[in-house]
Amino acid sequence: MAYLTTFYWGWLLASVLLGLAMGWISVVQHGEGVSKNMKRWLAVLAAALVAAALARAVPGRFGYWLDLGLTMFALYLVGCAIGSWLRDWVVSRSAPALRDLP
């Protein structure tokens, strides 16, 4: 992991910044989202990929890419969470109080 952060810090930082940007604008966009069945399949896929990475089941270059991809995805999700929280905080602070409305 130290190797990944040492040599790919720029890509990891870009993942966080992209997550921040997507979290900031995702509060505004109201799409249909993902179905409940698809959410389950995606959760199973993510759990299988994390289990394969932890068990070191994928050797060599592809295992290295799996570790890097999972790390970047985790940082992206953290950035999304922080960006959406910041957007909510900024919008709620700029909204007028209920007692100020006519």
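Biologist: Why is Phe62 called exposed?

Modeller: This is a predicted model, in which local features need pLDDT of at least 70, side-chain atom pairs count only at pLDDT 80 or more, and totals for chains, interfaces and linings use all residues. Residues are numbered from 1 along each chain as its sequence is written, and side-chain values use heavy atoms, without hydrogens and water. Phe62 has a relative accessible area of 57%; exposed means over 50%, buried under 20% and partly exposed in between, with a 1.4 Å probe and protein chains only. Phe62 is therefore exposed.

Biologist: What makes Trp85 and Trp89 a stacked pair?

Modeller: Rings of Phe, Tyr and Trp (its six-membered ring) pair if their centres lie within 6.5 Å; planes under 30 degrees apart are stacked, over 60 edge-to-face and the rest tilted. For Trp85 and Trp89 the centres are 6.4 Å apart and the planes 10° apart, so the pair is stacked.

Biologist: Where do Trp85 and Trp89 lie in helix 4 relative to each other?

Modeller: Trp85 and Trp89 are four residues apart in helix 4, about one helical turn. Helices are DSSP runs (H or I, at least four residues), numbered from the N terminus.

Biologist: How do you know that the span of helix 3 is close to the expected one?

Modeller: The expected span is 1.5 Å times one less than the number of residues. Helix 3 (residues 36-54) has 19 residues, for which 27 Å is expected, and reaches 27 Å from first C-alpha to last.

Key:
Helix = DSSP H or I, 4+ residues; strand = E, 2+ residues; numbered from the N terminus.
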